[in-house]
Number of protein chains: 2
Amino acid sequence: MKKYYLMAPGPTPVPPTVLLAMAQPVLHHRTPEYEALFLEVRTGLKRLFQTGQDVIPLTSSGTGALEAAVCNTLSPGDTALVLRAGKFGERWEEICRAYGVTVVPMDAAFGQTVPAEVVGETLRRHPHAKAVLVQHSESSTGVLHDVKGIAAVTRGSGAILVVDAVSSLGIADLRMDEWGLDLVLAGSQKGLMLPPGLAFCALSDRAWGHVRASRLPKYYFDLTAERKFVTRNECRFTPAVSIFVGLREVLKLLEAEGLPNVFRRHERLARATRSGVEALGLELFAKAQPSPALTAVVAPRGIDSEAVLSTYSTSHNITIAGGQGEMKGRVFRLGHMGHVGDFDVVTALAALEQVLAELGHPVDFGEGVRAAQKVLAER
Amino acid sequence: MKKYYLMAPGPTPVPPTVLLAMAQPVLHHRTPEYEALFLEVRTGLKRLFQTGQDVIPLTSSGTGALEAAVCNTLSPGDTALVLRAGKFGERWEEICRAYGVTVVPMDAAFGQTVPAEVVGETLRRHPHAKAVLVQHSESSTGVLHDVKGIAAVTRGSGAILVVDAVSSLGIADLRMDEWGLDLVLAGSQKGLMLPPGLAFCALSDRAWGHVRASRLPKYYFDLTAERKFVTRNECRFTPAVSIFVGLREVLKLLEAEGLPNVFRRHERLARATRSGVEALGLELFAKAQPSPALTAVVAPRGIDSEAVLSTYSTSHNITIAGGQGEMKGRVFRLGHMGHVGDFDVVTALAALEQVLAELGHPVDFGEGVRAAQKVLAER
C-alpha cells in the first residue's frame, strides 16, 4: 500500500470535499440554479482577482486564455513585447506568431528575470507596441516576475500589460486594479485546487479599449461576446458545469482562510521547501525571486533529473515534474500550491532524501526535513 | 422531497458510477498512468467514431470543435456550404464569418432538412467550395439530417464534408469511414454521458489534406500540432483529466451494451416519446426525420413554451429545454440521450401531462404514458 501524492506544479490536488461536490448530479447551465451559482462565483472571482471588473470564464485549459488574450486585444502586424525567460514566455511568442503579431522578445536566461527598467527601455524603443506579455509565476523555471514593477513602467505607454497568472492566482499576491494590470488570466488547476478545464480572463477598461480595436479572428474565445453573457450570469456556450460547482466550494475555502493568509501559507511552504533542498546540497534553479507556487531544483551533477522524477514515482508513488524544453534532464520541479500544507512539504523532502540515496547520491538523512521543520516552526 | 431529473438535450445525466470515478484524486497528465488511460480511451473513441483515424480530444465545449474544424481546414476567402436549418446550422455560419470564410447557405425552414440532392446541386453551382458544413442531429429543431446521403453527393467534389455530431455520437448510427465523412466532431455532455468540457475531432485523410493547405490562424485548436501528441498518447496542453477518467468508464459502458444496441435504445425511447407527445394532441416540431437524441414539441396554442419549461422545473424539479432563437416561446425540447431508460421517458411524459393540466390545457391523464408504454412493450 503506497499512498499516492500529487506534488507537481499543476494539476494540483483537489480537496476531497470539492471532489464530492463535483460528483453531484450534473447541473444544467440555463437554469435559475446555475444562475445563482454563477452569480456567487462571479462575485468571488472578482475578489480573488482583486478587481472590480468581471472575470470571464472560458471552458479550456490556461493556454486557451493566453490565446484569448492575444486574439482579442491585438491586430495583424501589431507589435507585442514578450518577457521570454521560460517555456511559458515562449508560449506567448508562439501564439503571437500564429496570429501574425510581431514579437519583440525581452530575454533572460531561464531561471532569471527581466527587470522592470529593461521593460521600460524596450517600450521606449518600441513606442508603437500594443502589449507587454508576461508571466507572473513562470512555472517552467520557478521564477516570480516583477509584475508590479512592470505595470509601473507600462502604464504611461500605449501598451497594455497582459499577465499570465495561471500559476500565481490564489498563490502570490496580485493586485489587478491597484497595480494597474490590464489583463489577468488564470486556469482552474493550480491555486484554484480544481481539475483542469476552466480558464479565466479579467480585463481593465484600457484592455477593453484594445479589444474594440482588435481585428484578429475569434469565435469561441470572443471575450466581447462572452462578456455580455457574464453580465446575465451565464456562459455563452455550454460551460464545464461540474468544475463551476467545484469552484463555488473552492472560493468558499479561500474566503474562509483569507487571501493574505493564503499568500502567506504559500510563501512559507515555498521557503521551507527551498530551505530543505539547499540543506541537501542541491541548487535552486531560480536565480531571481523564486515563485511561491513551485520550487525548481537543479539535479545533482551526474544525475538525470528524469531519474529523480521516475524514482519519486516508482519508489514512492509521488508525481512531481521534470524540466521542460532545454531544461529537460537538468531540472526537477516540486509543486506546493493549492491544497497543500506543512506535512506535504515534509513528505516531499523526505521522499527527496530517499530518492537521492536510491540514485547513489550521498545523503545525510533528515537534513532536508530538519531545515524545512525550522522554517515551519517560525511564528 | 422532489427528486431532481435532468431531461434537457444536453448536458445529460452522468451515471453515478462515472461521477464517482471522476471524484477520485486528480491524475497528472504527464505520467505513465495517464498514458495508459489515454491509450485505452483512444482505442475506444475510434470504435465509437467508427473510424480507423485517431480521434483528437480538445478541452473545450463542442463549439470549440466546430471552430477547430473551420480554422484548421479552410483559408481566408474560401467558400463553405452550410446546411442552415436550425441554431447550430447558424453557428457554422457565424464561425465562418468570424474567419473570413464565404458562406453559401443551404436553407430549410427550422424543423425541416435539406435533401442530399439539393446539396449536390449546390456543390455543382459552387465547384470551388472547400467544405460542406452540417449537423447530424440539429439539437435546436430535433431533426436528424441525412449525413449519409450528403456524403454520397459530396464525395466527388473538392469539398470535404464536416459533420457536427455533438448530439448524435453514441446516439444515432454514424459511420465515419464507411459513409466517407471527412471530419466528425462531438462533445462530452450528450451521448457520452459526461460533464461538458471535452470535445473531439476525427479527420479523414482528405480532411488532413485540407488541413495542410489551411492558412487560417490557430494555436489552442491547432489539430496538426495536437495530432502529434495523440500519437504519443498525450495531449498538447493540460487536458480536462477528470473528464478523461469518466470517459474511460463511459466507453466501457457503451462497449458492454454494444453500439447497435445503444442506437436501438435511443431510437426506441425517441419513438416512445413522440408517440406519447402526439397522443396528448401535441405537434412535433420536426417535420423531417426526427432525431433519436431529443424531441422538440410545439407548445399548444395559447401556451408559451417557456411556461411549460418553468412548470416542469418549479412544479416537478425537472430540467427540460425551451426553444432557441426564433423558436423561443414556441417550442420545448425533451432530451432522451445518454444515460436514459424506459422509465425516464414515462416520467417525462407523466410530468408533461401534469404540466399541461397545470397550465389549463385539457389533458386526458394517462394518454401520453399509455401510448409510450405500448411502444416500450414492443419486442
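**Entry 1: a term to start with.** I call a crossing of two helices left-handed if the near helix is turned anticlockwise from the far one by less than a right angle, and right-handed if it is turned clockwise. I also note that helices (H or I, at least four residues) and strands (E, at least two) are DSSP runs, numbered from the N terminus.

**Entry 2: ground rules.** This is a predicted model, where local features need pLDDT of at least 70, side-chain atom pairs count only at pLDDT 80 or more, and totals for chains, interfaces and linings use all residues. Residues are numbered from 1 along each chain as its sequence is written, while chains are lettered from A and ligands numbered from 1 in the order in which they are written.

**Entry 3: α5 and α6 of chain A.** Two packed helices are described by the angle between their axes and the distance between the axes. I take axes as lines fitted to C-alpha atoms, for helices over the stretch in contact, with angles from 0 to 180 degrees between N-to-C directions. I looked up helix α5 (residues 116–125) and helix α6 (residues 147–154) of chain A: their axes come within 8 Å and cross at roughly 25°. That makes α5(A) roughly parallel to α6(A). My scale for this is under 35 degrees for roughly parallel, over 145 for roughly antiparallel, 65 to 115 for roughly perpendicular, and oblique for the rest. The crossing of α5(A) and α6(A) is right-handed.

Which residues make the contact? From α5(A) I list A:A116, A:V119, A:G120 and A:L123, and from α6(A) I list A:G149, A:I150, A:A152, A:V153 and A:T154. Residues are in contact here if their C-beta atoms, placed from the backbone, lie within 7 Å. In the contact of α5(A) with α6(A) I find six nonpolar residues, three polar and no charged. Ala, Val, Leu, Ile, Met, Phe, Trp, Tyr, Cys and Pro count as nonpolar, Asp, Glu, Lys and Arg as charged, and the others, Gly among them, as polar.

**Entry 4: one lysine in α6.** A:K148 lies in helix α6 of chain A. With 16 C-beta neighbours inside 10 Å, A:K148 counts as partly exposed. For the record, buried means 20 or more other C-beta atoms within 10 Å of the residue's own, exposed means 12 or fewer, and partly exposed is in between, with C-beta atoms placed from the backbone. I also checked A:K148 against A:A109: they are 39 residues apart in sequence, and their C-alpha atoms are 21 Å apart in space.

**Entry 5: α2 and α10 of chain A.** Helix α2 (residues 32–49) and α10(A) pack at an angle of about 45°, with their axes 9 Å apart. That makes α2(A) oblique to α10(A). This crossing of α2(A) and α10(A) is left-handed. Among the contact residues are A:Y34, A:L37 and A:E40 of α2(A) and A:F244, A:R248 and A:E255 of α10(A). The contact of α2(A) with α10(A) divides into 10 nonpolar residues, one polar and three charged.

**Entry 6: how the chains are related.** A rotation of 180° with 0.0 Å of shift along its axis superposes chain A on chain B, at an RMSD of 0.0 Å. That is the relation of a two-fold axis. In chain A, the C-alpha nearest the axis belongs to A:S60, 2.5 Å from it. The superposition is by least squares on the C-alpha atoms of residues with pLDDT of at least 70 in both copies.

**Entry 7: backbone notes.** A cis peptide bond joins A:G10 and A:P11, with omega about -5°. A:P11 is in the loop between β1 (5–6) and α1 of chain A. In chain B, phi of B:Q50 is near 55°, a positive value in a residue other than glycine. B:Q50 sits in the loop between α2 (32–49) and β2 (55–58) of chain B.

How values were computed. Contact = placed C-beta atoms within 7 Å.
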